[in-house]
Amino acid sequence: MSAERIYRLLLRAYPPDFRAEYEREMVLLFRDQCRESDVRTIGFWAAVIWDIARSAPALRAEAWWTPGRENTRTIGGIMKLAAMLAVLVGVFGILNAMVEWGAALTGTTGGMHALALVLGVFASALLLGAGAAILRPTQRGRQAARLALLASLVMSVAARLLHPWMSIFSQLVGIGLPVAFLIALYLPRRASPAGA
Amino acid sequence: MVTKRRAGRPPEAYLPLPPATFHILLALADGELHGYAIMKSVTARSEGSVRLGPGTLYGSLKRLLAARLVEEGGERADPERGDERRRYYRLTQLGLSVVRAEARRLDAMVRAARRKKLIGVRPA
């Protein structure tokens with residue numbers, strides 16, 4: 001395998017946008033370096049790898065945080081998967097609360113426990129709605145998802161306060177999932193510190 | 001790393017520059033250069049202490065272009081090398097002001113070090 005072919009393979013460490021813009025120039029520069037150095041030495045390849053290791057991660061990070069670039073496809077894919085998960089968790093949450101409600105009807109249920117169950121059903125329904133809204137890639141869909149997540153979070157916290165015996169799993173799903181979604185919905189819209 | 005600033009910011013807002021960025025801007029103060037010529041100029045001026053690889057060079061140029069400190073000057077073959085067409089880069093007026101401001105900043109630091117006799121005197 002020629003040195004240039006190896007270098008072209010190593011260039012895959014850079015983000016696609018950067019490669020599209022500068023790959024030709026970088027290969028030309030590499031050819032110049034090859035003419036003036038002994039490509040069979042370890043020192044030459046150590047310098048090449050050091051240069052890539054030093055520059056590629058920063059450019060990848062910049063590409064990730066730059067809106068409108070290839071990262072939006074990745075974020076979009078992750079968000080779609082997470083939204084589907086939210087829909088499933090929402091359905092599961094509603095079913096779980098209803099089963100618990102049915103079980104509670106046979107025994108002695110305090111008013112607070114009943115209220116916590118009702119809040120749990122609403123929180124799960126809102127989570128389901130938020131997941132469905134995220135799957136609609138529109139500004140209104142995102143706005144609706146944010147409101148639904150916030151309301152779901154408030155209801156889950158209220159249910160936890162009313163019913164302190166809520167399982168760790170329910171707390172993680174009811175509180176952790178909306179928080180994670182809210183962060184994910186806000187972060188990609190921040191001004192990018194990269195690009196310059 | 002040079003971060004993107006809003007238009008109209010003073011050159012001092014870009015300081016301090018990373019060493020690689022300063023060397024690139026210094027090389028371009030001589031006029032339009034392509035990537036390899038920038039790399040050679042930096043290596044020669046720093047007496048080999050700073051060696052820019054293609055990734056570091058073009059990563060820095062990408063940021064400098066985005067910050068409008070550098071602009072592209074078109075593509076043409078290097079008359080000395082006579083090979084493939086290469087992309088040339090040149091300083092913008094803002095880039096020139098920034099490299100001057102950085103040079104003044106470094107000069108002030110060197111003068112302060114000299115006043116304290118940290119440099120410019122032979123060790124006993």
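**Figure 1. Buried residues of helix α2 in chain A of the predicted model.** In α2(A), the buried residues are A:Phe18, A:Tyr22, A:Glu25, A:Met26, A:Leu28, A:Leu29, A:Phe30, A:Asp32 and A:Gln33. Within chain A, the buried residues of α2(A) pack against α1 (3-10) and α3 (42-65). In chain B, their packing partners are α2 (35-45), α3 (54-66) and β3 (85-91). An α-helix has 3.6 residues a turn, so residues three or four places apart point the same way.

**Figure 2. Length and kink of α2(A).** Helix α2 of chain A comprises 21 residues, residues 16-36. At 1.5 Å a residue, the helix should span 30 Å, and its end C-alpha atoms are 29 Å apart, so the two values agree. A kink of about 60° is present in α2(A), centred on A:Tyr22. A:Tyr22 is also one of the buried residues of this helix.

**Figure 3. The crossing of α1(A) and α2(A).** The axes of the two helices, α1(A) and α2(A), come within 11 Å and cross at roughly 140°. This angle makes α1(A) oblique to α2(A). The crossing in which α1(A) passes α2(A) is right-handed. From α1(A), the residues A:Ala3, A:Glu4, A:Tyr7 and A:Arg8 meet A:Val27, A:Phe30, A:Arg31 and A:Cys34 of α2(A).

**Figure 4. Chain A as the setting of these views.** Chain A contains seven helices and zero strands. Of its 196 residues, 28% are buried. Among contacts in chain A between residues at least 6 apart in sequence, 72% join residues at least 24 apart.

Methods:
Residues numbered from 1 in each chain as written. Chains lettered and ligands numbered in written order. Predicted model: local features only at pLDDT ≥ 70, side-chain atom pairs only at ≥ 80, totals over all residues. Helix = DSSP H or I, 4+ residues; strand = E, 2+ residues; numbered from the N terminus. Expected span 1.5 Å × (residues − 1). Bend = angle between axes of the 7 residues up to and from the residue. Buried ≥ 20, exposed ≤ 12 C-beta atoms within 10 Å, placed from the backbone. Contact = placed C-beta atoms within 7 Å. Axes fitted to C-alpha atoms, helices over the stretch in contact; angles between N-to-C directions. Parallel < 35°, antiparallel > 145°, perpendicular 65-115°, else oblique. Left-handed = near helix turned anticlockwise from the far one by under 90°.
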